[in-house]
Amino acid sequence: MQNFEGREYSVFPSLLQQAKAKGRIKVAVAQPTDETSLSGVVDSYKEGLIDPILVGDKEKINIAAKQFGFDISNFEIIDASSDVEAATKAVEFATKGEVKALMKGNLHTNDIMSAVLKRDAGLRTDRNISHVFVMDVPAYHKALLITDAAINIAPDINAKMSIMKNSIEFAQKIGIVKPKVAILSAVEMPYEKVLSSMEADELSKMAKDEIKDAIVHGPLAFDNAISAISAKIKKIDSPVCGDPDILLMPQIESGNILFKSLVYLAYAKVAGVVLGAKVPVILTSRADNAEARVASSALAVLASE
């Protein structure tokens, strides 16, 4: 058996440098009322990535800052008594063009995304909203993007095309000139009993006409997407095999399981951002460490217009 020692972590230091070179962006943060969300704001500010506006229960924000020793004296605070009000007011800053990104604080994802998706917010585009994880996996030779493992539960073929376009544009913004996209299924040939394989085959054909700035192949099983050796054994001839930048997942379960498997079994570092609206949305998790929260802010800086 071949032994893989892996490489040094390198993806996020590089992205952080790119983001810092672009300069701070204004970010509205909804309900940063606990240690996790407030530390993400403070750390991202200290790294020179964001200039935050804190939108939420002013008393709770100040109590949390005092309790955990965060200096928020440089931040504007907009009072909002409820989660829904905080999300709505944060989104209003984006609607008016006063912030370049949004950040989820200590509230449900549904609260902030519902506010983003309201028609009168004016943040919707012709694209589906989607989420992308950027993974730094020591056993893989470069950044690996996984989409969608957080927002779209069971996207149909049109939604998958939108998700793919979102991820390709984002990949280009972080410096991947011509991304390679593997459309994943359980098999590497279209098989009518496996719907995702049929959709992957159709998407691959559609991409030839609709996408000129990426290389797309599907369906691919995970092994022959990631391993050129596996693809060669199965007689699959594609430049994507063994070298994908983006893995387009069949549905949320497989995406969620894959990214968490890479984190907990392959020691991957991860950050993510929501795409498809007029501004990116940073969805921090309670399980994210400080490094992941700062990296997600860096992704939002790079994704912003």
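This is a predicted model: local features need pLDDT of at least 70, side-chain atom pairs count only at pLDDT 80 or more; totals for chains, interfaces and linings use all residues.
Residues are numbered from 1 along each chain as its sequence is written, and side-chain values use heavy atoms, with hydrogens and water left out.

**Stop 1: Y45 and F75**

Select Y45 and F75. Their rings form an aromatic pair that is edge-to-face, with 4.9 Å centre to centre and 80 degrees between the planes. (Rings of Phe, Tyr and Trp, using its six-membered ring, pair if their centres lie within 6.5 Å; planes under 30 degrees apart are stacked, over 60 edge-to-face, and the rest tilted.) Y45 sits in helix α2 (residues 35–46) and F75 in the loop between α3 (58–68) and β3 (76–79), so this pair ties together parts that are 30 residues apart in sequence. (Helices, H or I with at least four residues, and strands, E with at least two, are DSSP runs numbered from the N terminus.)

Which of the two is buried? F75 is, at 7% relative accessibility, while Y45 is partly exposed at 22%. (Buried means under 20% relative accessible area, exposed over 50%, and partly exposed in between, with a 1.4 Å probe and protein chains only.)

**Stop 2**

**Stop 3: helix α11**

Next, colour residues 290–303. This is α11, with 14 residues, and it reaches 20 Å from first C-alpha to last, close to the 20 Å expected at 1.5 Å a residue. (The expected span is 1.5 Å times one less than the number of residues.) Twelve of the 14 are buried, including R293, V294 and L299.

**Stop 4: α2 against α11**

Show α2 and α11 together. They pack at about 60 degrees, with their axes 9 Å apart. (Axes are lines fitted to C-alpha atoms, for helices over the stretch in contact, and angles run from 0 to 180 degrees between N-to-C directions.) The two helices are therefore oblique to each other. (Under 35 degrees counts as roughly parallel, over 145 as roughly antiparallel, 65 to 115 as roughly perpendicular, and the rest as oblique.)
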